[in-house]
Amino acid sequence: MNIFRRVRAGVLLLAALLAGCPTQVDDRGELPIPPDAIVIGMIQPLASGSSRDKELAARLAVREINAAGGVNGRPLALRIVYDGNNDPLRGVAAAQELVAAGVVAIIGANASRVTLPVAEQVTIPAGVALVSPGSTSPLVSLLADNDTVWRIPPSDALQGRLLAEQVWAEGRSSAALFLLDEPYGQGLAAAFRERFEALGGSIHAEAVAPAARESGFATEIATLYAGGVPPALMLFSFAAPSVNLMREIVTSQGSLPPLYGVDGNMITDTVQNAPAQAAGMRGTTPAAASGSSEFQDFLQAFVAATGYVPGSNTENAYDAVYLVALALAQAGNSGRADVVAQLRAVSRADGPAAVAIGPGRFAAAVAAIAAGDDIDYQGASGPIDFDAAGDPAAATYLYQEIRSTPAGLELVTLETIPYP
């Protein structure tokens, strides 16, 4: 089944589950919003099936919460505005529309390059909680946000430090950096550089490519090789520019230096398109909590609602909706400030007798709150436990390697690493 048919099938199945309510879901439409609803906004790209999966996961969370009686006696609703293909200007416009519409919080954006201007220009001044299901740049943690910016995935500050430690442990004391001139690449490179140098490593060279460029890296290659062949080359970029850089290095230099990557390029697209010389490339990527009961509960509910297994990180959007709803329930009120004030309290254990709340257990959370208990949301994505910056305090990563097989390159996991 191609991605369009799979997505449309999921939408139609979700609509069928809503039969009995006076609502329908079209291919890119909205559910009618009841006049007394508490409305959560969502900023989404239109470009991929994974973004549509996040939308369906957020709708699933809303449906479950409403089936449990809603929030503070009112139904929950989702209003979605799209930012094109992760376009910052359209993202800002989407956030302005949602804030003007009175949403209590916004789920989004997916890309750090959208989340940062949305936060700075719209949600921070408005005092609206922004909970990203996909942004990982460490720059998000540095925002002067008055505790309004949060995210479900871990900051790449963790990933950059972990990769530096892995490279150092493998006996490499010098490394060259290739990165894109945008928040994702900048943040990873900065975190790697700081930790690698603290361990005693040195930076052989650093080449920064324009954010939108996917090929034509002759200048960057010259910079990387100006002091000789890099002892190791870190690729802080996405699949397409990483693959094209590899191919251009093979053409101009004859071979590749030892390569290391991150979640943006340690993926199937890289493995399917990289030259054979990419074998041996190693790198890090955040691990889904696929073995947890919370993830399995979410997965079963999503499959029941859509008929297919969702793409990676879909659970982040689901968790974001639950956390906003739990914050409002904890506050016993339904204002924007209530979300901001209570998100941290419901994401972690603040006492020895905290009640663990997992996916699909909103009614149990409401009962625990009414009894005066401390609640601790254990998400489908894993324990959230927001830290002072609004980031998950810890994460689990896969350390992987691209290997050569008779059938071609393949990605294998060498180690699963809880970090820090």
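Which residues of α10 are buried? They are Phe-295, Phe-298, Leu-299, Ala-301, Phe-302, Ala-305 and Thr-306. These residues cover an arc of only 170 degrees around the axis, which puts them on the same side of α10. The model is predicted. Its secondary structure comes to 13 helices and 15 strands.

**Overall fold**

- The protein has 420 residues, and a compact globule of that length would have a radius of gyration near 22 Å. The protein has 22 Å, which agrees with that expectation.
- The C-alpha trace spans about 65 × 45 × 40 Å along its principal axes.
- Of the 420 residues, 53% count as buried.
- Among contacts with a separation of 6 or more, 68% come from residues 24 or more positions apart.

**Helix α10**

- Helix α10 takes in residues 293-306, which is 14 residues.
- At 1.5 Å a residue, α10 should span 20 Å.
- The buried residues of α10 include three phenylalanines: Phe-295, Phe-298 and Phe-302.
- The face turned away from the buried side carries Gln-300 and Ala-304, both exposed.

**The five-stranded sheet**

- Five strands form an open sheet in the order β2-β1-β3-β4-β5. The pairing is parallel.
- The edges are β2 (76-82) and β5 (149-151). Each has a single partner strand, so one side of each is left without a neighbour in the sheet.
- From one strand to the next, the twist averages 25 degrees.
- Strand β4 (residues 129-132) runs parallel to β5, and three bridges join the two.
- Leu-130 has Val-149, in β5, as its bridge partner.

**Helix α12 on the sheet**

- Helix α12 (residues 336-347) packs on this sheet.
- The strands touched by α12 are β3 (105-107), β4 and β5. One of them, β5, is also an edge strand of the sheet.
- The direction of α12 makes about 45 degrees with that of β4.

**Points to check in the structure**

- On α10, look at the buried side, with Leu-299 and Ala-301 among its residues, and then at Gln-300 on the face turned away.
- In the sheet, find Leu-130 and its partner Val-149, then locate α12 against β3, β4 and β5.

Notes: Residues are numbered from 1 along each chain as its sequence is written. This is a predicted model: local features need pLDDT of at least 70, side-chain atom pairs count only at pLDDT 80 or more; totals for chains, interfaces and linings use all residues. Side-chain values use heavy atoms; hydrogens and water are left out. Helices (H or I, at least four residues) and strands (E, at least two) are DSSP runs, numbered from the N terminus. The expected span of a helix is 1.5 Å times one less than its number of residues. Buried means under 20% relative accessible area, exposed over 50%, partly exposed in between (1.4 Å probe, protein chains only). The arc is that of the directions from the helix axis to the C-beta atoms. Two strands pair if DSSP finds at least two bridges between them. Axes are lines fitted to C-alpha atoms, for helices over the stretch in contact, and angles run from 0 to 180 degrees between N-to-C directions. Contact means heavy atoms within 4.5 Å. The radius of gyration is taken over C-alpha atoms; the globule rule is 2.2 Å times the number of residues to the power 0.38.
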